[in-house]
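Visitor: Hi! Could you walk me through this structure?
Guide: Happy to. Here it is.

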Amino acid sequence: MAEPGKSKAERLAQARAIIEKYEANSRDITVHEESYHVSPDDKEAFQNGRFIALSYIGIDKGKSTGQVRNKLRTKDLPDDLIEQVIVSLKTDDYLDDRRACGKIARRHQGTRAKSRRYLRELFIKQGVDPKVAEAYLEELPEDQKSILELIPGSIPGDPREYQRLLRRLQSRGYSYNTIRQAMRQQED
């Protein structure tokens with residue numbers, strides 16, 4: 001989605017700057033090798049792991065540490081080297097589980113709102129650290145507020161439509177009690 005107020009040339013220049021930084025960072029890894037005590041034997045594997053991870057993360061930087069860890073495991077890298085790569089990427093701000101939570105949460109708000117319980121499961125499934133997921137969930141609106149965006153102005157009188165609405169809300173992770181309270185509130 002284009003940023004309002006920015007011309008196409010400005011957005012293009014911003015994208016080029018991000019790509020140049022990405023390429024420079026993927027080429028100049030010697031600082032990280034020294035900072036993270038990568039042995040000379042593991043130097044090439046570290047560079048390879050970091051390159052794989054950066055290619056996987058891309059320019060949006062929306063991947064979680066768990067997703068990157070799993071990607072690196074598919075390349076048969078040793079676990080200690082994977083952890084070194086992840087630490088280096090966190091230090092360079094390429095990996096941030098809070099940012100990954102934000103990206104997921106933005107996809108599930110408004111008319112696509114989900115309950116906190118649903119989002120918690122989704123965050124963990126996407127490889128976000130459970131402690132980070134819990135902290136992020138505390139910042140989100142309570143289920144009683146988010147569900148109100150999903151309930152129409154008038155509750156359906158037809159029993160079939162009512163059941164359909166009930167199933168839709170339950171499929172988004174809202175408890176039956178939360179749904180009933182919200183419907184009563186909407187009726188008032």
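Guide: One term to start with: buried means under 20% relative accessible area, exposed means over 50%, and partly exposed is in between (1.4 Å probe, protein chains only). This is a predicted model, where local features need pLDDT of at least 70, side-chain atom pairs count only at pLDDT 80 or more, and totals for chains, interfaces and linings use all residues. Residues are numbered from 1 along each chain as its sequence is written, and side-chain values use heavy atoms, with hydrogens and water left out.

Visitor: Okay, how many salt bridges are there?
Guide: There are eight, taking a salt bridge as a side-chain nitrogen of Lys or Arg within 4 Å of a carboxyl oxygen of Asp or Glu.

Visitor: Which residue does Arg50 pair with?
Guide: Its partner is Asp92, with the closest N and O atoms 2.5 Å apart. Arg50 sits in helix 3 (residues 43-57) and Asp92 in the loop between helix 5 (79-91) and helix 6 (97-107), 42 residues apart. Helices here are DSSP runs of H or I, at least four residues, numbered from the N terminus.

Visitor: Is Arg50 buried or exposed?
Guide: Buried, at a relative accessible area of 0%.

Visitor: What about Glu139, which side chain does it meet?
Guide: Glu139 forms a salt bridge with Arg98, at 2.9 Å from N to O. Glu139 belongs to helix 8 (residues 130-139) and Arg98 to helix 6, so this pair ties together parts 41 residues apart in sequence. Glu139 is exposed at 52%, while Arg98 is partly exposed at 35%.

Technical notes
Helix = DSSP H or I, 4+ residues; strand = E, 2+ residues; numbered from the N terminus.
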